[in-house]
Each structure stands twice: as structure tokens, then as C-alpha cells.
Amino acid sequence: MKFYISTTGIKRVTISNSSGGGGEGSKGAVVAATGAAAARGRLTSRTLLPVVLVLGIVLPFLFVRAAFLVLESASASSSCSSPLDCIGWRLFSGGDTSQKLREELTRALMEVKDGNSVEGGIKGSLESFNELVKEMTSKQQDIKAFAFKTKAMLLGMEQKVHSAKKRELMYWYLASRGVPKSVHCLCLKLAEEYAVNAMARSRLPPPEHVNRLSDTSFHHVVLLTDNVLAASVVISSTIENAANPEKLVFHIVTDKKTYTPMHAWFAINSLKSAAVEVKGLHQYDWSQEVNVGVKQMLEIHRLIWSHYYNNLKEEDFEYEGENKNCLEALSPSCLSLMNHLRIYTPELFPHLKKIVFLDDDVVVQHDVSSLWTLDLNGKVVGAVVDSWCGENCCPGRKYKDYLNFSHPIISSNLDPDRCAWLSGMNVFDLEAWRRTNITTSYHKWLKLSLNSGLTLWQPGVLPPTLLAFEGHVHPIDPLWHVAGLGYRSSSAHGEILEAAAVLHFTGPAKPWLEIGSPES
């Protein structure tokens, strides 16, 4: 018997018998076959570990990739006969599937961009995104149907949001412009106080201050108002910030129904330093000519307001910033006698020479005594023309915002981009006013508007006043008067508001109302 062992490794063992026989030969073959099988087993075990490692890396990636493709194929079923087909051509297509899906969705949106077809389905559009997902998954609709339903749903929601904003804006304006219950009750209580309390009926101003009413050496401030609380804010803020409050004389003109509450308020809350006069319109003894002129003026303004109101469209109230003039034109102040009477200021105060006119929605926060020493260069009114933002800068306050430049009478005489001067805090030289025909010109413009179909300007006090005072305005420093407050947002910066002498709340939110600016 012979043993043979290979020197390069135990790859083969041969056992042979020299005498050889059939049985012994077969034994050698069996041993050789067993060695070969063992060698094959050793070769398989050596390659098994790398294969397992490779599969451990590749299989999770393939599993995740297949899961994503199944989801993508569900949303792109319109372009594939089945999800398996989509998986087959996308399995190794890389990261461009999202781009293709985006292009397909864009194409579907462009196909349904027709406003008529989409708006036709708004009424039956879905109410929420959850309903949209539920319907799309249950009915297995294609991506074009998804785009159509999504767009209809978004348009429907957008219309609801716009409608809600319009209603909210209108309600806010109405609530702000209406007479609050607290103010109304205040007037009733003061009227009762006037009837039962002798102090509430005491003379205004006191006898020792009566001579100040026509003394031109004093600083005369005029208010035309029927709002007791507003007048109190104006007067108290002016006195509080005045360097010499004892030189101030306030002239309050009000209507007959507000006279007793107004008188009672300032009689009970007397001001020791300044003099206050309260006078009702029923106490004036005007000529027949003035009475007729006032009635005609009010009637024409009422006709202009009615014509404007009847021709308003729903889209005029879409956005507060762009169309707030439409809401302002519907304000009750556009028909207020007290607002329109300012054109008769020289007749109201025949013995005064120079006055400062204040609206009842201003707050004075600095001394204004130097206004009476301003040189108006022969002009009738001193007013802010250019705003704090610079020369010819007056957003929302140009002539085109008040006047109708599509009418040749307006467009042939005025520049639409010219800044309108601010009313509400003005210095009037009444002597210069009496030398002009401003009041007569005012009435001529009213009659011209009546004969032109009531379309020359929007309702309000300022438009015809701009026309009547043309050429009689002297510009003053913008920091004397900052207007445009009382809206949801203001363009004026904090430092401008602090430096301004007079803040004018021209918007519906007044500083003395509980429904003032929500941010405050």
C-alpha cells in the first residue's frame, strides 16, 4: 500500500495497492471521489461570505426602491397599463421620475386652466383636502381629473375667503362709523344733566372770559362737530401740550340736538386756563341768502352720494388698501351738515381774522401756537400738501383719487398726479378769504356737477373744496399734520408719528372708540 500526499496542500490523497485487485481498486476510487466532494464543499464555503455581504447590501436598496415605485405607479396609472409595467421601466431609471411626474401634473393643470370649465364645477367642488384624497383613491381617477378637482376646490375656497374678507371689512366700517352705545348714552345723560343741574347750564365761557371771543390777540381754534367725546379729546390734547394754554380760545359749533349735551359737558368739566365757547346752529341769525345756499349745498351733496351708491359694484370692495375710498364715500360724514358748513367759516366767525381749524378726529401732541404766526404769503389756507415721505409724495391722496378725470371739465383744468392738500388741521386767514369768491366758486362747482350728471367727483367734503380753493393754498411743513391713521395699517413710521404735531385719524378706527385698531 502506498500513500501520496501533495506538497502544495492537501488537495488529493491517493491510496493504492501495488498488488492491485478489483476490490482494492474500487476502494481507491471511492476514497478519491470522497476527496473531490470535500474539495468542492471547501470551494463553496470560501465564496459564500462575499455573496452574503453583497446580497445584504443590495436587497434592502431594491426593497425600498420597489416600494417607492409602487407608490409612484399608483399616482401615474394614466401613463402605465399596470403598476408592474411602471415598476419595470422605472426600476433602474434613476431620479428623473419626480421630474416626469411634475411635468405631467403641469400639463394636466394647463389643460384645465380654462376659467369657464373650472368655475362651472366650483359649486360641486369638494370642501376639504381629505375629501379630495378619499375620492381620488376610491375612484382611481387619472391625474387630469385630480388637477381639475384640485383647481376647482382651490378656486371655491378662494372665493369664500374673499367674500369673508369683504363682509368683515364692511362690518368693521359700519361698526366704527355708527354711534357707539356708550357715546349715545353719554349724550342722553348729559342732556338730562343740563335739564336738572344748574351748573350744566352755566354760561360758556365764564363772564370774565367773554371778551376773549373776539380778541384777535388770542389763539382761536374752531371745531365743527356733533361728537361730545371727540371734541373733548381734541381740546384736552391741545391744552395739555400747549406752551401757553391761557391764550387758547376754542369755538365749538354744533347742531341743535347736540347743543345741550355739548354745553353740559364743558360747563361741568370747566377748563380754568383756556376759554371754550359752545354755540348751536339754531343760535345763528343768518341771512336768507345763506340759508338757501346751505340747503342747496346739502341737497346736491345728497344727490351725488345717492348716485354714487346706486352705481357701486361688488368688486369695489375687494381690498381695503386699493378701494378704501369707496368705503369712505359711503361714510355718514359725507352727508354731515357739520362737515359741509366749513365752507361758511367766514360767516360763522365774522369778527375773527385768523383761526386754526381742527377736525374732531385729531389728536394734538405738540404745541401748535406758532401756527398763528405763520406767513401764508397772501393765501387763504395753510395746509400740508406733500407728505412726510418727500416732494410730490402723497399715496392715496392725489387729485385722481378724488376727481373724475375721464370728464373733460376736470381733465382739461387739473393734473391727476398732483397732491391734494390735507384738510383737518388748517390755518385760515379769514380776512383774505373774505376778499375772494371761494364760497361762490364752491357753489358754482356744485351746480356744474349737478348739470354734468353728478359724475365729477366722489362723494365727500374735500373734492369740491379742492376745486374752490384752487390757487389759494400755502403749503406748510408736513410734520404739522400726519393723516391716514385709523386704518388696519399705516405707512407712517414710528419716528414720524412721534414728531408730528397733529395726528389725524381719517380712518374708521378712532382713538376714543373701543373698536379702534385691533393692534392697539
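Reader: By about what are Arg 302 and Glu 299 in helix H10 separated?

Author: First, the ground rules. This is a predicted model: local features need pLDDT of at least 70, side-chain atom pairs count only at pLDDT 80 or more, and totals for chains, interfaces and linings use all residues. Residues are numbered from 1 along each chain as its sequence is written, and side-chain values use heavy atoms, without hydrogens and water. Helices (H or I, at least four residues) and strands (E, at least two) are DSSP runs, numbered from the N terminus. Arg 302 and Glu 299 are three residues apart in H10 (residues 288–310), so about one helical turn separates them.

Reader: What do Arg 302 and Glu 299 form?

Author: Side chains of opposite charge can pair when their charged atoms come close. A salt bridge is a side-chain nitrogen of Lys or Arg within 4 Å of a carboxyl oxygen of Asp or Glu. Arg 302 and Glu 299 form one, with the closest N and O atoms 2.7 Å apart.

Reader: How many salt bridges does a search of the whole structure find?

Author: Six. One of them joins Lys 257 and Asp 255, at 3.6 Å from N to O.

Reader: Is Asp 255 buried or exposed?

Author: Buried means under 20% relative accessible area, exposed over 50%, partly exposed in between (1.4 Å probe, protein chains only). Asp 255 is buried at 15%. Lys 257 is exposed at 62%.

Reader: Which strand does S8 pair with in the antiparallel sense?

Author: Two strands pair if DSSP finds at least two bridges between them. S8 (residues 381–384) pairs that way with S9 (residues 425–429), over two bridges. S8 also runs parallel to S10 (residues 473–476), joined by four bridges.
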